[in-house]
Amino acid sequence: MRNQPLFLALLLLSSLLPGMAQAVGKCERLVATGNPEYPPYLWRDPQSPDHLIGANADLLLQIGEQLGVKIEVLYTGPWSRAQDEVRTGRVDLLAGAFLTLPRLESMDYVHPAFFQTPSVVWVRKGMAFPYSGWDDLRERTGGTLVNNSFGQQFDSFAKANLHLEEVPGLTQAFQKLLLGRTDYVLYERYPGVALADTLGMQDDLETLEPPISSEGLYLTLSHDSACNEPWLRGQLAKKMTELTAAGLPETLLQRNLERWKAQQLQPASVPPKEQEDSL
């Protein structure tokens, strides 16, 4: 009888071990996705189009390596589809999202934010209109991406006061703007600059000041992910805190700015004969 407490403790531990092993086993692999038109944060890998690369992806891979969890960052379609994949739990993580009430209903946010991202008003060069704040957008037609967000405060204002036409991707939004079918496009500054440069539109577009918002970019975990458990949420937050305090996200951002620029130069280095053969 003297060993009864020890026996009970061992019995309790043995009953917990299968559940603990299952919890860890479920999280040996995580799948993430995000906005594929978001350089230098995220974009499709030219060498492996099923995957996304960029500063956000590099940060996730670093976190996964430190946790001993394999994280794949996959292309699942345009930004609206990527959000649906995480919302339904078919994909575990969203690699970069602003904080909004609708997303809080289906996703847990990992704090802290790893970037602060300004969003601006894009217009055709030479077609700027008087602008000092949100109210100056009221009487005009704007463009944005399906299910895109610029923070809860602006989203609420836009829903009540603005006429915004939604399209799947930024390329289409910029094209509609240049064709005069919209008066402006709302999008983040740095990804917009990167994509405009790639599309050869940098001389045809300009931005208005001030930004409509500057929001934190967060990692989110689907409520319906099989891996959404206290252990994982805690570890993700711990590693995100450590890495942001060490300045890693900014380092990765600068590295991926150069990576993106280098990739855009690659086609120009192909000899003319090879370019003709590939047409």
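Reply: The model is predicted: local features need pLDDT of at least 70 and side-chain atom pairs count only at pLDDT 80 or more, whereas totals for chains, interfaces and linings use all residues. Residues are numbered from 1 along each chain as its sequence is written, and side-chain values use heavy atoms, with hydrogens and water left out.

The open sheet consists of three strands in the order E2-E3-E4, with antiparallel pairing. Strands (E, at least two residues) and helices (H or I, at least four residues) are DSSP runs numbered from the N terminus, and two strands are paired if DSSP finds at least two bridges between them. Strand E2 (37–38) and strand E4 (48–53) are the edges; each has a single partner strand, so one side of each lacks a neighbour in the sheet. Helix H9 (residues 248–265) packs on this sheet, where it touches E3 and E4, and its direction makes about 45° with that of E3. Such angles run from 0 to 180 degrees between N-to-C directions, the axes being lines fitted to C-alpha atoms, for helices over the stretch in contact.

Strand E3 (residues 42–45) and E4 run antiparallel and are joined by three bridges. The two strands form a hairpin with two residues between them. Asp-45 has Ser-48 in E4 as its bridge partner.

Strand E4 also holds Pro-49. Pro-49 has a relative accessible area of 41% and is therefore partly exposed; this class lies between buried (under 20% relative accessible area) and exposed (over 50%), with a 1.4 Å probe and protein chains only. Apart from neighbours within four places in sequence, Pro-49 is in contact (heavy atoms within 4.5 Å) with Arg-44 and Tyr-75. Pro-49 and Leu-74 are 25 residues apart in sequence, and their C-alpha atoms are 8.7 Å apart.

After H3 comes Gly-89, with a positive phi near 85°.

With 38% relative accessibility, Leu-104 is counted as partly exposed. Leu-99, Leu-101 and Leu-104 make up a nonpolar surface patch with about 240 Å² of accessible area together. Gln-152 belongs to helix H5 (residues 152–161) and is partly exposed at 27% relative accessibility. The C-alpha atoms of Gln-152 and Thr-100 are 5.0 Å apart, although the two residues are 52 apart in sequence.

For the protein overall, there are ten helices and eleven strands. Of its 279 residues, 46% are buried. Among contacts between residues at least 6 apart in sequence, 72% join residues at least 24 apart.

Note on methods. Patch = residues over 30% accessible without salt bridge, like charges linked within 9 Å, V, L, I, M, F, W, Y side chains within 5 Å. Areas by Shrake-Rupley, 256 points an atom, 1.4 Å probe, with all protein chains shown as cover. Salt bridge = Lys/Arg side-chain N within 4 Å of Asp/Glu carboxyl O.
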